[in-house]
Amino acid sequence: MPLKAVLLDFNGIVINDEGLHKYLIEQLLLEENLRPDSAEYNLVCLGRSDRACVADILSRRGRLVTDAYLDQLLEKKSANYRIEMATLDQLPLYPGLDDLIFRIRAAQLKLAVVSGARRSEIEWVLEKIGLRQTVSVIVSCDDISVKASKPAPDGYLMAIEQLNQHFSELALKPADCLAIEDSFAGIEAAKQAGVPVMGVAHTYPYQMIHRRATWVVDYLSEIDLDWLRRWYEPTLNPIGSQG
């Protein structure tokens, strides 16, 4: 089972924008005459889709959440996200991202993004950093229901299905992929989909990620694709372990 594809989370792996997401969702709540709660945000939103996050917060506050109401709020949040990001001199990308993408491309691995963010936000960032054409598939919160949000495996399974549609010769299976995640929900989603997962300690401490992921590193720059490819090959057994 050679390694054939890398499935990246977006927020927390590609771009360090969790603080902005929290701020924008708090602004939405204030506009809806609801008081933001940091503890509630951490419980309900970290690692989950924007759709699931906002829907659950509103439901917990007794609001009737229709699809039209939710779409309106998410579109407002997404527009404000792009406005805020456009004011920055430099996007807050995680160190080591450029080198990781270079090594993925050099290894001729397919690349997908599996994220709970809106597609418009993901595409805006990828265009700005010149990676849109490198990413073959994007699965966003626009593609999955609230119930299918991470930690459910639906996003990962959809990404694999779409990669197979684009590249039928791959005959891609979950075990042929590597997920790169920073959150508990994301790690669980990948594992439920049968995808080995590299945890990166961007959001939670190394020790907490270590208990959940297949492997763990502190930084993107520590991901050793050569070591991982040997692990995926059935005839080779790398000595030692990463994380």
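**Note on the predicted model**

1. The secondary structure of the protein chain comprises 10 helices and 6 strands. The model under discussion is predicted, and the remarks below should be read accordingly.

2. Overall dimensions. A compact globule of 243 residues would have a radius of gyration near 18 Å, and because the protein chain has 18 Å, the two agree. The C-alpha trace spans about 60 × 35 × 35 Å along its principal axes. Of the 243 residues, 51% count as buried. Among contacts with a separation of 6 or more, 62% come from residues 24 or more positions apart.

3. The sheet. The 6 strands form an open sheet, and their order is E3-E2-E1-E4-E5-E6 with parallel pairing. Its edges are strand E3 (137–139) and strand E6 (215–217), each of which pairs on one side only. From one strand to the next, the twist averages 20°.

4. A pair within the sheet. Strand E1 (residues 5–8) and strand E4 (residues 177–181) run parallel and are joined by 4 bridges. The student may locate this pairing at Leu7, which stands opposite Ala179 in E4.

5. Helices on the sheet. Helix H7 (residues 154–166) lies across E1, strand E2 (110–114), E3 and E4, and runs at about 155° to E3. Helix H8 (residues 184–192) also packs on the sheet, where it touches E4 and strand E5 (197–200). The direction of H8 makes about 175° with that of E5.

6. Helix H3. Is helix H3 (residues 50–60) mostly covered or mostly uncovered? H3 is mostly covered, since 8 of its 11 residues are buried. These are Asp50, Arg51, Ala52, Cys53, Val54, Ala55, Ile57 and Leu58. After H3 comes Gly62, with a positive phi near 85°.

7. The packing of H1 with H3. Two packed helices are described by the angle between their axes and the distance between the axes. For H1 and H3, the angle is about 40° and the axes lie 12 Å apart; the crossing is right-handed. Which residues of H1 meet H3? His21, Ile25 and Leu29 in H1 meet Asp50, Cys53, Val54, Ile57 and Leu58 in H3. Sorted by class, this contact has 6 nonpolar, 1 polar and 1 charged residues.

Terms used:
Residues are numbered from 1 along each chain as its sequence is written. This is a predicted model: local features need pLDDT of at least 70, side-chain atom pairs count only at pLDDT 80 or more; totals for chains, interfaces and linings use all residues. Side-chain values use heavy atoms; hydrogens and water are left out. Two strands pair if DSSP finds at least two bridges between them. Helices (H or I, at least four residues) and strands (E, at least two) are DSSP runs, numbered from the N terminus. Axes are lines fitted to C-alpha atoms, for helices over the stretch in contact, and angles run from 0 to 180 degrees between N-to-C directions. Contact means heavy atoms within 4.5 Å. Buried means under 20% relative accessible area, exposed over 50%, partly exposed in between (1.4 Å probe, protein chains only). A crossing is left-handed if the near helix is turned anticlockwise from the far one by less than a right angle, and right-handed if clockwise. Ala, Val, Leu, Ile, Met, Phe, Trp, Tyr, Cys and Pro count as nonpolar, Asp, Glu, Lys and Arg as charged, and the others, Gly among them, as polar. The radius of gyration is taken over C-alpha atoms; the globule rule is 2.2 Å times the number of residues to the power 0.38.
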